[in-house]
Amino acid sequence: MTEGNPSRRVLGDAAARQLANTQKTLVQTQVITPRWLPKLLSWVPVEAGVYRVNRAKDGDTAVAVVCTSKSEQEIPTSYVDYLERPREYVLSSIKSVLGVHTRISDLYSQPHDQVKEQLRLTVENLKERQEHELINNPDYGLLRNAAPSMRLPTRKGPPTPDDLDELCAKVWKEPAFFLAHPRAIAAFGRECTRRGVPPPTVTMFGCPFLTWRGIPLVPSDKLPITGAKGSAKTSILLLRTGEAKQGVVGLFQTGLPGEQAPGLSVRFMGIDATTIASYLVSLYCSAAVLTDDALGVLENVDVDYYHEYAWPK
């Protein structure tokens with residue numbers, strides 16, 4: 001290639017790059033999120049795929065107690081009755097079969113192993129679906145399993161400090177975190193700023209989170225948003241977590257064949273007549289709300305509302 005002086009010939013960039021190694025990244029994808037909910041839940045191992053939540057009968061939990069004087073000797077007897085048919089949670093499975101042609105894995109696995117990369121992306125997608133199911137599953141999802149007495153209709157407009165205070169009053173026994181769509185957290189932040197009470201932040205896992213009353217607001221895009229643009233609605237959850245606190249727990253199966261992580265299994269299924277190698281990727285999970293007051297929901301939160309005096313539309 002001739003550069004500058006026509007009589008002087010030098011090697012150009014385009015030709016030189018033919019002999020250079022190109023630095024290649026792993027596959028990047030927007031579908032991967034931090035998945036804070038599974039990280040913050042307390043997880044309970046289940047041996048046989050079933051988790052039974054034993055509860056006392058409503059109204060029968062108060063034990064007769066008496067404070068006697070020195071001259072009084074009579075002590076009342078009492079007991080706590082249990083529900084005869086407690087709820088049992090059966091682990092659900094999230095599965096995918098990965099197929100990779102052996103020719104592809106043989107010829108194109110440098111610098112990145114094709115099978116490992118395909119398995120990594122498959123596992124990431126299964127974990128994204130796991131968080132979605134923990135929130136939205138019609139059987140064990142948090143939105144479906146909040147008790148009617150623990151649901152609050154939002155006031156008109158965006159989520160306000162008053163709304164979150166009401167939610168804190170519902171889940172007042174050691175609440176762990178709020179869970180909300182990022183747009184709902186943004187709407188709450190705008191309302192706090194408008195009122196002159198910007199919420200402080202706390203750092204967890206190396207990331208900043210807005211807080212209210214010291215409780216972090218954890219984002220998840222798996223919380224559904226419904227309605228047309230300009231009137232979109234969602235929900236905000238407040239959780240207490242852990243078996244010891246009678247809170248919300250995640251459930252996973254132990255001792256799986258081909259176990260790669262808690263509840264996650266990768267099993268080689270063989271190579272078929274067309275030389276395609278298949279791998280079964282399975283993730284077993286569920287969630288349980290141990291007592292009704294461990295989960296509260298603020299419903300119908302407006303995420304598109306802007307105060308007419310403070311924010312332009």
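Which residue takes a positive phi in the hairpin of β8 and β9? In that hairpin, where 2 residues lie between the strands, it is R213, with a phi near 55°. Good morning, colleagues. Please bear in mind that what stands above is a predicted model.

Let me place that turn in its surroundings. Strand β9 covers residues 215-219 and runs antiparallel to β8, to which 2 bridges join it. Across this pairing, T211 stands opposite P216 in β9.

On its other pairing, β8, residues 207-212, meets strand β7, residues 201-204, in the antiparallel sense, and 4 bridges connect β7 with β8. Here T203 has P208 of β8 as its bridge partner. β7 and β8 also form a hairpin with 2 residues between them, and F205 in the turn has a positive phi of about 55°.

I turn now to the pockets.

What is the volume of the second largest pocket? The value is about 230 Å³. Its lining has 8 nonpolar, 3 charged and 1 polar residues. Among the residues that line the second largest pocket are P34, W43, F252, P262 and L283, together with R35, K39, K127 and Q130. Two helices deserve mention here: α2, residues 36-40, and α4, residues 114-136, each contribute at least two residues to the lining of this second pocket.

Thank you for your attention.

Notes. Residues are numbered from 1 along each chain as its sequence is written. This is a predicted model: local features need pLDDT of at least 70, side-chain atom pairs count only at pLDDT 80 or more; totals for chains, interfaces and linings use all residues. Side-chain values use heavy atoms; hydrogens and water are left out. On a 1 Å grid over the protein atoms alone, a cavity is a set of points where a 1.4 Å probe fits but cannot get out, and a pocket is an open set with protein on both sides within 12 Å along at least five of seven lines; lining residues have an atom within 4 Å of a point. Grid points are joined across faces, edges and corners, and a volume is the space filled by probe spheres set on the points. Ala, Val, Leu, Ile, Met, Phe, Trp, Tyr, Cys and Pro count as nonpolar, Asp, Glu, Lys and Arg as charged, and the others, Gly among them, as polar. Two strands pair if DSSP finds at least two bridges between them.
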